[in-house]
Amino acid sequence: MLDDTKVSELIIDEYFKKLKSSLHLDAAIVGAGPSGLVAATLLARDGFNVAVYESKLAPGGGMWGGGMMFNEIVIQREALDILKMFNVRLKEHDNGYYTCDSVECTSALINSAVNSKVKLFNLVKVVDTVFKDDAVCGLVINWTPVEHMGLHVDPITVYSKVVMDATGHPAELANTLVRKAGVKLNTPSGGFEGERPMNAEVGERQTVENTKEIYNNFFVSGMAANGVCGGFRMGPIFGGMLLSGQKAYGLMKERIKRG
Ligand code: 48F
């Protein structure tokens with residue numbers, strides 16, 4: 001006899017175990033796009049306690065749809081080794097570029113994250129940072145539907161040694177930090193520069209250059225890094241996002257170890 005309430009109990013117990021073990025994190029990453037997933041997986045593989053918060057139902061960000069919903073993505077040679085680490089099959093082309101199926105690639109990144117013990121919370125929207133002693137030390141989270149419906153329900157808080165805005169084009173968290181804390185960021189003007197138009201060659205390079213700690217314990221990766229630092233956009237080429245995630249991993253690891 002199948003006991004329906006046992007099914008409910010298991011879901012509740014297992015979810016709350018995951019949630020409780022994420023109250024004091026080593027790294028809290030906002031946004032499950034390619035840059036956030038790569039950074040999270042590499043940190044978790046080194047044994048750090050990592051959570052990724054994704055406001056949508058499906059993690060993966062802007063990678064599923066390739067370019068204009070043609071579900072293939074292009075990668076340049078420099079990022080090949082990262083995709084090999086995630087066991088993604090690539091096709092080599094005469095012009096020096098590689099392609100892969102965007103659905104295979106996105107699902108491989110998600111699968112690797114969860115396999116590496118990253119705690120992945122989908123349907124959870126990060127609405128604010130925790131700010132103490134001139135440093136970011138956690139996140140404020142709520143259910144996405146609560147936020148979308150404008151329900152008057154208070155969020156809850158988690159602490160983390162480092163926090164990363166990997167929210168893509170809107171760079172939501174960095175925006176909120178500047179607006180609410182009025183802090184000076186590690187950007188050319190000290191403020192939120194805003195994303196520039198399309199220039200794939202420059203944008204790809206800048207995504208990696210702009211991946212950094214922009215405030216104490218607060219990092220940016222991927223398109224959020226270009227949004228905050230005034231970099232160009234680059235469209236459906238994804239090497240820069242993967243390389244940004246890998247760089248963010250190294251920087252956060254160093255920061256966590258330094259304390
Ligand atoms: O945009 P996204 O894929 O981030 P990325 O790593 O990669 C960018 C590329 O996909 C593409 C591109 C390549 O040329 O430009 O756009 O920079 O993923 C960001 C994820 O963050 C989630 C959002 O739903 C998406 O899945 N997100 C955004 N704001 C929040 C959030 C929030 N406040 N809380 C939780 N998740």
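Start with the lining of the largest pocket: 16 nonpolar, 14 polar and five charged residues. Here Ala, Val, Leu, Ile, Met, Phe, Trp, Tyr, Cys and Pro count as nonpolar, Asp, Glu, Lys and Arg as charged, and the others, Gly among them, as polar. The model is predicted: local features need pLDDT of at least 70, side-chain atom pairs count only at pLDDT 80 or more, and totals for chains, interfaces and linings use all residues. Numbering runs from 1 along each chain as its sequence is written, and side-chain values use heavy atoms, with hydrogens and water left out.

**Stop 1: the largest pocket.** Select G61, G62, T167, G168 and H169. Of the 35 lining residues, these lie nearest the pocket centre. A pocket is an open set of points on a 1 Å grid over the protein atoms alone, where a 1.4 Å probe fits, with protein on both sides within 12 Å along at least five of seven lines; lining residues have an atom within 4 Å of a point. Next, colour α2 (34–45), β2 (50–54), β7 (124–132), α5 (144–149), α6 (172–181) and α8 (222–229); each gives two or more residues to this lining. Helices (H or I, at least four residues) and strands (E, at least two) are DSSP runs, numbered from the N terminus. The space comes to about 690 Å³, a volume filled by probe spheres set on grid points joined across faces, edges and corners.

**Stop 2: the ligand.** Stay in the largest pocket; the ligand sits there, with more than half of its atoms within 2 Å of the grid points. Show the 27 residues around the ligand, of which S35, E54, G62, M223 and G235 come nearest. A residue counts if one of its heavy atoms lies within 4 Å. By class, this shell has 12 nonpolar, 11 polar and four charged residues. β7 gives the most, with three residues.

**Stop 3: polar contacts (N or O pairs within 3.5 Å).** Go to M223. One of its backbone N or O atoms lies 2.8 Å from a ligand oxygen. At S55, a backbone N or O atom is 3.1 Å from a ligand nitrogen. At H169, a polar side-chain atom is 3.4 Å from a ligand oxygen. Taken alone the ligand exposes 730 Å², and the protein buries 93% of that (Shrake-Rupley method, 1.4 Å probe).

**Stop 4: the second largest pocket.** Select Y15, L19, F121, V124, I141, N142, W143, V153, D154, P155 and I156, which line this pocket. Nine are nonpolar, one polar and one charged. α1 (4–20) and β8 (135–143) each give two or more residues; β8 gives the most, with three. About 160 Å³ of space lies here.

How values were computed
A polar contact is a pair of N or O atoms within 3.5 Å; within protein, one must be able to donate a hydrogen and the other to accept it, and residues adjacent in sequence count only if both atoms are side-chain atoms.
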